[in-house]
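Thanks for coming. I have one structure to go through today, starting with a single residue and ending with the whole chain.

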Amino acid sequence: MELGEDTQSTRLEAYRGYYRARAARFAAQPDYPATAVAEARLAEAVEQATSMADLHQRILDGGLALEAGKAMAEDQARAQAGLYERTNEEVRALAPAEVLAGLDAVSDAAALATLGSGAAQRSAHAVTVDEITRLWATSLVALENIEAWGTARVPARWRSRLDGYVAEASTGEHGVWQEVVASAQQQEPGWRFDEATAHAARHRRLVPVTDEVFAQRLGEHRQIVRQEAD
């Protein structure tokens, strides 16, 4: 059913106000340069529309709506990529990198949504697997205790008891770590702890000890908890 001229004029004016507001909003956002350009083009097209059908043709058939969606995806991905570069979050940076690499091939709204959701899903899995590495630090207290019990200068009658504490803690930590590995391999078949990854800035900064102590505890984790040969 055709809209009356008065109704159509009212709706057109409402759309013009809406798109003017959108354009102004993004023009004031320095992190959204591509979106600001696309929204300005949208607002201009709406201003020039002579009817609702003309507006529809200019925005949808003319590709301006998709252009705005791609511009926003680009700006958001660039902002995320910049943040992750500054914070050395190499794994989290995979999602925005995938989006930026795939935008040129996007030809419709469905493909744009698929690109974003697929990148987010793959990133979530990669981050989950990557963060398993951090679980080695849950053994730090036990490793400190093992060192304290093992090096304590005590009367001979107490030595066997402390050695028992050391053995019990070592066995317990090894058992817990085996559960970690089993769980990790359900997420990522063949997963193994990598000490180089533990040294990466995104993980290292979460263990607030000196580099010397960090290296010592990581070595003890290898020997006592993971029970691997040097």
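Leaving aside residues up to four places away in sequence, Arg-217 touches Trp-136, Leu-140, Leu-143, Glu-144 and Glu-147, where contact means heavy atoms within 4.5 Å. This is a predicted model, in which local features need pLDDT of at least 70, side-chain atom pairs count only at pLDDT 80 or more, and totals for chains, interfaces and linings use all residues. Residues are numbered from 1 along each chain as its sequence is written, and side-chain values use heavy atoms, with hydrogens and water left out.

Arg-217 sits in helix 11, residues 211-225. Is Arg-217 buried or exposed? Its relative accessible area is 8%, so Arg-217 counts as buried (under 20% relative accessible area; exposed is over 50%, partly exposed in between, with a 1.4 Å probe and protein chains only).

Now the whole chain. The protein chain has 11 helices and 0 strands; helices are DSSP runs of H or I with at least four residues, strands are runs of E with at least two, numbered from the N terminus.

Next, the dimensions. Along the principal axes, the C-alpha atoms fill a box of roughly 100 × 35 × 30 Å.

Of the 230 residues in the protein chain, 35% are buried. Among contacts with a separation of 6 or more, 62% are between residues 24 or more positions apart.
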